[in-house]
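Dear colleague,

I am passing on the structure below, and I would be glad if you could look through it alongside the notes that follow.

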Amino acid sequence: MTDTIASTAAAVRAGERSAREVVDERLAAIEDGDGALNAFNYVMAERARATADTVDRRVAAGDDPGPLAGVAVALKDNMCTRGVPTTCSSRILENWRPPYDATVVTRLAEAGAVVVGKTNLDEFAMGSSTENSAFGPTRNPHDPSRVPGGSSGGSAASVAAGFVPAAFGSDTGGSIRQPAALCGVVGVKPTYGRVSRYGLVAFASSLDQIGPFAATVEDAALLFEVVAGHDPMDSTSVPEPAPSVVAGLGEGVEGLRVGLTQEFVEGADPDVTARVEEAARALEKAGAVVSDASVPAAVYGLSAYYLIAPAEASSNLARYDGVRYGLRVDGDDITAMYTATRAAGFGPEVKRRIMLGTYALSAGYYDAYYGQAQRVRTLIIRDFEAAYANHDLLLGATSPTTAFELGAKTENPLTMYLSDVFTIPSNLAGHPAISIPYGTGDDGLPVGVQLLAPALAEPLMFRAAAALERSLA
């Protein structure tokens, strides 16, 4: 797909292409190719065509439908879409159709975008491979015997396969950036609160953040601009307008201080480390000042995350009780009904994390586990602050490996959890980060490098990401 999101929208706004034609092409691509990949849980063909026709009528009437006019977008299936099945790839939410739209969905519609479907994910966004789905695994477009990463694997795969030019996922511990790296696309985790979480089905509320996938940094920047900004419906929303990031993409990195961060390459495969070092040299050649940096407490990020996130999940997922919505399995009394519903509705990984979180929050262990994890989180935030005192941005690997084979890590949860070792610290700190495809590993599969930035520094982050992308041209 050579057309950019901006060029497609410009052609539709000018009447040179119809939104219906653009969307029909994308729907045909999904129909032809998704049987082999399973990126989509639900394709909204009829609704998408109706939305595209509305965009075309607005153009014909002389209206401007917006900066994403006619652009086909896929949504991770944990974002509420009014009247459309929203399952989180879990049996417990089968047949649930939200009565409202998430704020991100509303903003995309206001920008003229056309949502074509809901994408597969690890159940309730808990996983790193999109194998923990009630609808079966998603496969990597570069090699269908491999995973696409997770938990937003369906969204990453849908862009990598050319089904859609734009998709959205959620990132709780790396769930946008890690699949972006494994699928060879751009993935962005904004600052916590920069994009509204209203209508995002919660996993871990202090960590979750919505962000875009795209083929290029410019496309990702445009998508970010459309959905970012204050939302009164989200109490954690940053109370200020989002900045423009597209305008500064060409400004380069002259004089920027970039820290090559040991904790975000240590333990990575040698071919991944080599790509990160090449990226550092490319930034240096473009005028940045690259030096070593360290975030020492980041090495404890994985341990802290797997106490904090499951603790929040155990609380958030208590609402799925068989009474209010979704699956219900009858029992002799209400306790039996609760037990039977949750036993049948949740998959093994979700049950594992609920139990972990409930244990960490229990009276006898709260201080030793959950409280201690929060103190470690504070240490990580302080270490990031110290690193950013001497550097504008940090550089590292996104994932320790390229895409691994389906089934390779499902028997050992800890091995799977290590896939997120480089992405989790940004979520714990609430900072933005972006994964950019940067060459391939020894196996010919994509490698992603990660740029990390201080809170609210998305303009700088996108600028450096664009420079890194240009270095490959």
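I begin with Arg 177, whose side chain makes a polar contact with the side chain of Asn 427 at 2.6 Å, a polar contact being a pair of N or O atoms within 3.5 Å of which, within protein, one must be able to donate a hydrogen and the other to accept it, while residues adjacent in sequence count only if both atoms are side-chain atoms. Please bear in mind that this is a predicted model, in which local features need pLDDT of at least 70 and side-chain atom pairs count only at pLDDT 80 or more, whereas totals for chains, interfaces and linings use all residues. Residues are numbered from 1 along each chain as its sequence is written, and side-chain values use heavy atoms, with hydrogens and water left out.

Arg 177 lies in helix H6 (residues 177-183); helices (H or I, at least four residues) and strands (E, at least two) are DSSP runs numbered from the N terminus. A polar atom of the Arg 177 side chain also lies 3.0 Å from the backbone oxygen of Thr 423. Arg 177 has 0% relative accessibility and therefore counts as buried, the term meaning under 20% relative accessible area with a 1.4 Å probe and protein chains only.

Lys 118, in strand E3, likewise counts as buried because its relative accessibility is 0%. A polar atom of its side chain lies 3.0 Å from the backbone oxygen of Met 79, and the residues that Lys 118 touches include Phe 40, Tyr 42, Leu 75 and Asp 77, where contact means heavy atoms within 4.5 Å.

Turning to the sheet, eleven strands form an open arrangement with mixed pairing, in the order E1-E3-E2-E4-E6-E5-E10-E11-E9-E7-E8; two strands pair if DSSP finds at least two bridges between them. Its edge strands are E1 (40-43) and E8 (289-293), each of which pairs on one side only. E1 and E3 (residues 114-119) pair in the antiparallel sense over three bridges, with Val 43 standing opposite Gly 117 in E3.

Finally, the axes of helix H2 (residues 19-37) and H3 come within 8 Å and cross at roughly 155°, which makes H2 roughly antiparallel to H3, a label given to angles over 145 degrees. Axes here are lines fitted to C-alpha atoms, for helices over the stretch in contact, and angles run from 0 to 180 degrees between N-to-C directions. Among the residues making this contact are Val 23 and Leu 27 of H2 and Ala 48 and Ala 52 of H3.

Note on methods: Buried means under 20% relative accessible area, exposed over 50%, partly exposed in between (1.4 Å probe, protein chains only). Angles under 35 degrees count as roughly parallel, over 145 as roughly antiparallel, 65 to 115 as roughly perpendicular and the rest as oblique. Lists of a residue's contacts leave out its neighbours within four places in sequence.
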